[in-house]
Every structure is written in structure tokens, then in C-alpha cells.
Amino acid sequence: MTDRYDVLVAGAGPAGAQCARDLAARGYEVLVLETEPEDEFPRQSNKSTAGTFPSMMASFNVPSDVVMNYTDNVVLESPNEHYVQEQAGAVLEFADFKQWLVEKGRENGAEYWFDARVANPIMDGGEIIGVEYDGDEEVYADIVIDATGPSAPLARALGVSDLERRNQAIGIEYEFEGIDVDHDGYADLTDAMMLRLDHDLAPGGYSWIFHTGEDTAKVGLCYIQNERYQSRGHEGMTIDDHLDYWLDSDPRFEDATKLEGKMHRGSAHIQMPGEMSTDNFMAIGDTVPTLDPLWGEGIHKCMESGRVAAATADKCLTPNDPDTSAENMATYDDLWHQRVAPRMRNRLLMTKLLYLAPNERYDQLMTDLHRMPDETLAKANKGNPLAIGKLIHTGDLPILVDYAKEQFDGAGSNPASPVEAIAKFFRR
């Protein structure tokens with residue numbers, strides 16, 4: 001057993017495991033440190049709803065063995081309306097998926113140490129050269145990668161992570177049986193992934209039902225813990241209370257029962273990232289801000305993040321005289337914006353406008369989508385400004401002003417004009 005590797009990855013989630021898988025396949029000595037014990041990995045508290053699409057399945061050769069249910073449609077619901085779009089997808093058994101990634105990484109030669117909690121970076125001359133784990137244990141590497149999620153101990157210590165609590169989304173999900181997925185008065189959710197915009201249920205966020213076969217489904221909700229949630233939420237109610245409120249008020253759950261041990265919690269950040277790398281170091285996956293919780297398709301983005309991190313490490317370590325300087329490691333930041341999150345600002349704008357809109361505007365959105373070509377929503381999801389513009393009405397000016405003010409208030413020492421932020425978007 002060695003205590004020095006080419007690349008050390010903290011965290012065995014989709015981003016970290018995919019990065020290790022790719023690097024090991026290229027012949028690098030890779031070590032992954034994972035907090036959870038192997039016999040409990042992954043614990044059922046993992047946070048992903050595990051909805052994904054054919055592009056991810058094909059890109060990463062994901063087998064059907066880890067799929068709970070293949071879906072045919074994506075459904076959007078508002079308090080009184082709904083919209084159905086044909087879109088093939090897959091709901092993964094997330095635990096099986098994560099175990100499969102570890103297995104593939106090991107087959108390629110990656111080494112995994114479980115029950116190994118990363119604590120602090122080991123520094124030399126202002127640069128990270130390894131990590132401390134499990135108290136006073138140490139291990140070293142030419143490149144260190146933080147893929148631990150929002151906790152981000154290494155990224156925080158190095159000043160890379162800049163996650164603001166006002167942008168933190170929290171979520172809870174249960175798996176159920178006995179759900180009526182084709183109830184009168186609602187969209188047919190058979191073989192569908194449904195997202196519901198309704199502040200009464202998820203204030204400043206959204207809720208979901210992902211059909212997993214027969215009468216079973218994943219059901220959950222999330223919202224951002226900021227003033228928007230505080231003004232729209234039911235006073236004194238926790239996120240668990242909001243989910244219970246939905247379960248009690250929606251007839252589709254009248255005969256539903258929770259499946260034992262199938263509860264998931266998690267958090268993510270909805271904000272633009274700053275720098276994601278420095279000397280000898282990258283922060284990947286949910287360790288940097290998640291794109292957005294509505295359209296981001298987190299699994300695919302984390303996997304792509306791991307892949308471009310592997311490509312960056314390969315570039316930095318390939319020369320006879322390896323160069324892991326901050327300047328060279330910044331290749332990851334460039335690839336992230338090009339391949340992982342193109343047009344991120346536009347997509348983030350769309351997401352935040354949705355959360356600012358009142359319930360009646362959600363009903364109008366469903367009506368608008370019915371009269372538009374399906375590709376309008378697809379293009380808007382990808383950040384196309386013209387497509388997003390088609391979904392915005394002149395009556396949305398107060399929402400745009402609220403968004404601009406929110407951006408202005410959180411802009412720090414160099415704020416842009418609130419009006420300028422919106423005008424710049426529509427000039428693109």
C-alpha cells in the first residue's frame with residue numbers, strides 16, 4: 001500500500017467515481033477516499049432523485065441493471081394545470097448506480113479506501129500536496145480533487161468554495177407504494193417524471209413524482225432557504241412538514257405508504273461558481289454550485305464534471321515535466337463552462353424567475369407551453385435567450401425587477417445595475 005498517488009479524489013459520488021474511473025483507465029495511480037463504510041455504501045440518505053435521460057446513459061455506458069423504470073414523458077404541473085412533453089428518460093436505483101461506478105473504477109485500477117473521512121489539506125509552500133483523513137492519517141498526491149459535495153472541506157480551506165447559505169436548496173424524498181399515478185383530474189404519470197411548481201407545497205421551490213413502476217414512485221420536494229421561502233412558506237413548518245402537507249392534501253397519495261429505508265435527504269447550491277481550481281487542486285460535482293435544481297439534471301452534470309476533471313488532470317500530468325500550476329489546472333474551469341454548464345447564467349436566470357413567480361403565473365406558463373412548439377421548452381432548458389424570452393410576458397416586469405434587485409443585493413463590492421442585468425440578457 002502506497003501513501004502517494006498521481007491523483008487523490010475525496011468522495012465516491014458520481015463526479016468523484018467517474019473521474020477516478022476515467023483516470024485509472026488512462027493508467028494513472030488513483031485513490032478515492034470515501035467517508036461511508038463500504039458495507040453501508042451508499043447509505044439511503046443519498047440525495048438524488050436519480051432521473052436522467054438517454055444522453056447520459058449512452059455517454060457513460062450505464063447499464064439497464066441500475067434502472068428502476070424507463071420513462072416516456074416529462075410532466076410539468078402547476079396548481080391547476082399541467083403540460084406533458086414526450087421525452088424518454090430513466091429513473092435510476094441510485095445506490096446500485098453508485099456501486100456500479102465504484103466497481104468500474106476498480107476494474108480500471110482505481111483504489112478505494114472506505115470509512116476514510118477527509119478533514120484537512122496538507123500544504124507545502126502554499127500549495128496542497130495531500131490530505132489528512134481519519135484524524136492524523138496522511139496521504140499524498142500530485143493532484144487532489146474535492147468531490148465531497150456541499151460540505152467541501154478541502155475547497156473551503158483553499159478558498160475555492162464560496163457557497164452562500166442564501167442560495168442553499170434543501171430537499172427530502174421518500175419512495176412509496178400504493179400511489180395512484182393516473183388519478184382523475186391530474187396528468188397520467190405512468191412512466192413519467194413529474195415536476196410541480198406550487199408555492200403552497202414547496203415555497204420557492206418545486207416538488208416531484210418520479211414513477212418507478214406499477215404503483216411505486218419517488219416523491220419529494222425542495223426549496224431554497226432564503227427570504228423567498230420564509231415569505232411563502234407555512235409558518236413554523238419544516239421541509240418534512242411541507243412534504244407531509246402535500247401527502248395529506250393530494251388524492252394521489254390517499255393509499256400510499258412509505259417504503260422502509262427508502263428516505264433521501266440532501267442539499268445543493270443554486271448560484272454561479274467562482275474559481276473551481278488552484279495549484280494541484282480541483283473542486284468537482286456538487287462541491288461547486290449545482291447548476292439549478294429544476295433543469296440541471298444533476299447526475300449528468302456531475303458525471304460530465306468528473307470527466308472534464310479527468311481530462312484536465314491528464315493534460316497536467318502528461319508532459320515529461322508535469323505542470324499542475326493554477327494556470328494549467330484552470331483548464332478545468334474552462335471545460336466546465338464549455339461542456340458541463342454552457343449558458344449557465346441564462347439557465348440560472350430562468351430558474352430564479354420561476355421561483356419568484358406567483359402560483360397563478362405557473363398556471364399561465366402551462367397554458368403558454370401548450371400553444372408553443374415542444375422545442376421551445378427544450379431550447380429554454382439549454383439557456384437559449386430567444387426561447388426564454390418567448391416564455392416571458394410584459395406582465396412579468398415586477399418579477400424581473402425582483403430578480404434584478406436580488407442580484408444587485410448579492411453582488412458584493414462590484415454590483416451591476418439591477419436594470420442593466422436584465423437589459424444585458426435581452427440584448428443577447
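**Salt bridges and a helix pair in a predicted model**

Aspartate 368 is buried, with a relative accessible area of 1%, where buried means under 20% relative accessible area, exposed over 50% and partly exposed in between (1.4 Å probe, protein chains only). The structure is a predicted model, in which local features need pLDDT of at least 70 and side-chain atom pairs count only at pLDDT 80 or more, while totals for chains, interfaces and linings use all residues. Residues are numbered from 1 along each chain as its sequence is written, and side-chain values use heavy atoms, with hydrogens and water left out.

The side chain of aspartate 368 meets that of arginine 371 in a salt bridge (3.4 Å, N to O), a term that denotes a side-chain nitrogen of Lys or Arg within 4 Å of a carboxyl oxygen of Asp or Glu. Both residues lie in helix 11 (residues 359-371), and because they are three residues apart there, about one helical turn separates them; helices (H or I, at least four residues) and strands (E, at least two) are DSSP runs, numbered from the N terminus. Arginine 371 is exposed, with a relative accessible area of 57%.

A search of the whole structure finds 13 salt bridges. One of these joins aspartate 142 to arginine 4, with the closest N and O atoms 2.9 Å apart, and this pair links distant parts of the chain, since aspartate 142 belongs to strand 9 (residues 137-146) and arginine 4 to strand 1 (residues 4-10), 138 residues apart. Aspartate 142 is partly exposed at 29% relative accessible area, and arginine 4 is likewise partly exposed, at 39%.

A salt bridge also forms between the side chains of aspartate 250 and arginine 252 (2.8 Å, N to O). Aspartate 250 is buried, with a relative accessible area of 5%, and arginine 252 counts as buried at 1%. Both belong to a network of salt bridges that links Glu77, Arg196, Asp198, Asp250 and Arg252.

Turning to helix packing, the axes of helix 1 (residues 14-25) and helix 3 (residues 94-108) come within 8 Å and cross at roughly 20 degrees, the axes being lines fitted to C-alpha atoms, for helices over the stretch in contact, and the angles running from 0 to 180 degrees between N-to-C directions. The two helices are therefore roughly parallel to each other, a description applied to angles under 35 degrees. Among the residues that meet are Pro14, Ala17 and Arg21 in helix 1 and Phe94, Trp100 and Lys104 in helix 3, contact meaning heavy atoms within 4.5 Å.

Notes. Angles under 35 degrees count as roughly parallel, over 145 as roughly antiparallel, 65 to 115 as roughly perpendicular and the rest as oblique.
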